[in-house]
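Dear colleague,

I am passing on the structure we spoke about, and my notes on it follow below. Please read them with the model open beside you.

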Amino acid sequence: MQSPSSHTLLLETIKCEDGIVSNVKYHQQRFNQSRQELYDITDTIDLASILQAPKQGLYRCRVLYAQTIQSIEYIPYQEKNIQSLKIVPSSLDYHLKYANRESFNRLLSLHSDIDDVIIEKEGYLTDTSIANIAFYDGKQWVTPTHPLLNGTMRQKLLDEGFLQTRNIKKEDLRHYTHVALTNAMLGFKILNNINIIQSSSHDH
């Protein structure tokens, strides 16, 4: 059988800490849905029975897969320090978690003066390059209704009622007091002293 191309390889990033695999139920759901959508495969590969997290330390478990699992790596985790975000318009599609991140890398290389970008799609804010995003309006944490990628932690926090969805434009940011990033590794991390830069029209 022909091996899958690097462009169609999918990725799950799973938090493993002191031998414990986090949120495996949500990763399993996305793993199943992605394989079904991309390859029309309905059999189940049970991630929980395959993953063998190191007994000590914090690791980013990187599962590369297509029709079947291609590789599993456990990489010691180092959190990226985010102090500046820039809103950047883009039409990229990342509704499946592809291993290929060339589109994100290209965007980041164009804006190397900041730590990460907030991608604006069709006039609405979506995600940063590494995480879903949430804003606090004084009463409630809200997250964009249409993210680039429905992250596992985002879905968990929605299911628990901690997050609500809302269509958010860059002009709405003045209504929010705090911003947070959420992904498998960060959990839910409120960014303090964050600087959000709104790109001017000549930036793109």
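Contact here means heavy atoms within 4.5 Å. This is a predicted model, in which local features need pLDDT of at least 70 and side-chain atom pairs count only at pLDDT 80 or more, while totals for chains, interfaces and linings use all residues. Residues are numbered from 1 along each chain as its sequence is written, and side-chain values use heavy atoms, with hydrogens and water left out.

I196 lies in strand β13 (residues 195-198), strands being DSSP runs of E of at least two residues and helices runs of H or I of at least four, numbered from the N terminus. Beyond its neighbours within four places in sequence, I196 touches L85, I87, I118, F135 and L173. I196 counts as partly exposed because its relative accessibility is 26%, where buried means under 20%, exposed over 50% and partly exposed in between, with a 1.4 Å probe and protein chains only.

D127, in strand β7 (residues 124-128), is buried yet has no salt bridge, and the nearest side chain of opposite charge, R154, is 5.7 Å away. A salt bridge is a side-chain nitrogen of Lys or Arg within 4 Å of a carboxyl oxygen of Asp or Glu; Lys and Arg count as positive and Asp and Glu as negative, with His and the chain ends not counted. Once neighbours within four places in sequence are set aside, the residues in contact with D127 include V117, I118, N132 and L149.

Finally, in the helices, Y26, H27 and R30 of α1 meet T152, Q155, K156 and D159 of α4.

Best wishes
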